[in-house]
Amino acid sequence: MMSPLVARLLLVVCLALPLYGVEKEKVRNRGYRKDPDADKFGSCMQGPAGTPGREGNPGTNGIPGTPGIPGRDGLKGEKGECINEIFEEPWRPNYKQCAWNSLNYGIDLGKVADCTFTKLRSDSAVRVLFSGSLRLKCKNACCQRWYFTFNGAECTGPLPIESIIYLDQGSPELNSTINIHRTSSVEGLCEGVKAGLVDVAVWVGTCADYPRGDASTGWNSVSRIIIEELPK
């Protein structure tokens, strides 16, 4: 028969052994953390993470989307200009000058001077200029007119090219006439002159409804006619 002392020792040992096993298990599991997925793969522990893989190849283009809804019409634009493309040669200057030293032409009616000119185009205009000394004298009222002609006819595109001198009367106190020679000009543009050789002339004549006087052109000075063709 077992003595009471031995029975007590056995009881203490039986109670202490389970507690010792629990502490031992805690000490063993303190050095690592259990993987949550360990139960899926048995009792093995998860190893360290591997090296990241390289980037994959680009994917193929996606399917194009459906066309959008067409926008509404814009506002109506302004009316444009119609431009006809005409390929022509560049405009080249075309001019001529005729000059006289001391013309001293004393006629009252007729041609004073002329200058021929070659006009290159029919759709251009002609600019003319006469510069020289003009004089008119008379004891009573008189008027004289200097004007251009083109091939014998005055300009009609649009109007004649002219210049006049009107003298009311002389000087009754001195019983003489005013005799002033003054450099003047006759100038203008004429349209409608055909291409080719053009005879440009300066004439002297009377004014409407007035008697003529004693005219003089180009006294003691240089007189000139300048002709220039201009684009319209």
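User: Which cysteine does Cys98 form a disulfide with, and how far apart are their sulfur atoms?

Analyst: Let's start with the general idea: two cysteine sulfur atoms count as a disulfide if they lie within 2.5 Å. In this structure, which is a predicted model, Cys98 pairs up with Cys115, and their sulfur atoms are 2.0 Å apart.

User: What is the handedness of that disulfide, right or left?

Analyst: Look at the torsion about the S-S bond. For Cys98 and Cys115 that torsion is about 60 degrees, so this disulfide is right-handed. Now look at where the two ends sit. Cys98 belongs to strand 1 (residues 94-101) and Cys115 to strand 2 (residues 110-119), so the bond ties together parts that are 17 residues apart in sequence.

User: Why do Cys98 and Cys115 count as buried?

Analyst: Here you need one cut-off: a residue is buried if its relative accessible area is under 20%. Cys98 comes in at 16%, so Cys98 counts as buried. Cys115 has 1%, so Cys115 is buried too.

User: How many disulfides does a search of the whole structure find?

Analyst: Four. Another one joins Cys143 and Cys207, with 1.9 Å between the sulfur atoms. The angle about the S-S bond is -60 degrees there, and this link is left-handed. Its ends come from distant parts of the chain: Cys143 is in strand 4 (residues 142-150), while Cys207 is in the loop between strand 7 (196-206) and strand 8 (214-217), 64 residues apart. Both Cys143 and Cys207 are buried.

User: And what does Cys155 join to?

Analyst: Cys155 is joined to Cys190, with an S to S distance of 2.2 Å. The torsion about that S-S bond is about 105 degrees, so we call this disulfide right-handed. Again distant parts of the chain are linked: Cys155 sits in the loop between strand 4 and strand 5 (162-167), and Cys190 sits in strand 6 (residues 182-191), 35 residues away. With 2% relative accessibility, Cys155 is buried, and Cys190, also at 2%, is buried as well.

User: What pattern do the disulfides of the protein chain follow?

Analyst: Count the bonded cysteines along the chain and write down who pairs with whom. You get 1-2, 3-4, 5-8, 6-7.

User: Can we step back to the whole fold? How many helices and strands are there?

Analyst: The protein chain has one helix and nine strands. Read from the N terminus, the order is α-β-β-β-β-β-β-β-β-β. As for burial, 25% of the 232 residues count as buried. Of the contacts with a separation of 6 or more, 83% are between residues 24 or more positions apart.

User: Why is strand 3 described as largely enclosed?

Analyst: Count its buried residues. In strand 3 (residues 124-137), 11 of the 14 residues are buried, so the rest of the structure largely encloses this strand.

User: Which strands pair with strand 3?

Analyst: To read strand pairing, check the direction and count the bridges. Strand 3 pairs with strand 9 (residues 222-231) in the antiparallel sense over eight bridges, and Val128 has Ile227 in strand 9 as its bridge partner. Strand 6 also runs antiparallel to strand 3, joined by 10 bridges; Gly132 stands opposite Ser184 there. Then there is strand 8, antiparallel to strand 3 over four bridges, with Lys137 standing opposite Asp214.

User: Last topic, rings! How is the aromatic pair of Tyr166 and Tyr210 arranged?

Analyst: Two things matter here, the distance between ring centres and the angle between the planes; an angle over 60 degrees counts as edge-to-face. The count comes to one aromatic pair. That pair is Tyr166 and Tyr210, edge-to-face, 5.3 Å centre to centre and with 70 degrees between the planes. The partners lie 44 residues apart, Tyr166 in strand 5 and Tyr210 in the loop between strand 7 and strand 8.

Technical notes:
Residues numbered from 1 in each chain as written. Predicted model: local features only at pLDDT ≥ 70, side-chain atom pairs only at ≥ 80, totals over all residues. Heavy atoms only, no water. Helix = DSSP H or I, 4+ residues; strand = E, 2+ residues; numbered from the N terminus. Buried < 20%, exposed > 50% of the residue type's maximum accessible area, 1.4 Å probe, protein only. Contact = heavy atoms within 4.5 Å. Phe/Tyr/Trp six-rings, centres within 6.5 Å; stacked < 30°, edge-to-face > 60°. Pairing = 2+ DSSP bridges.
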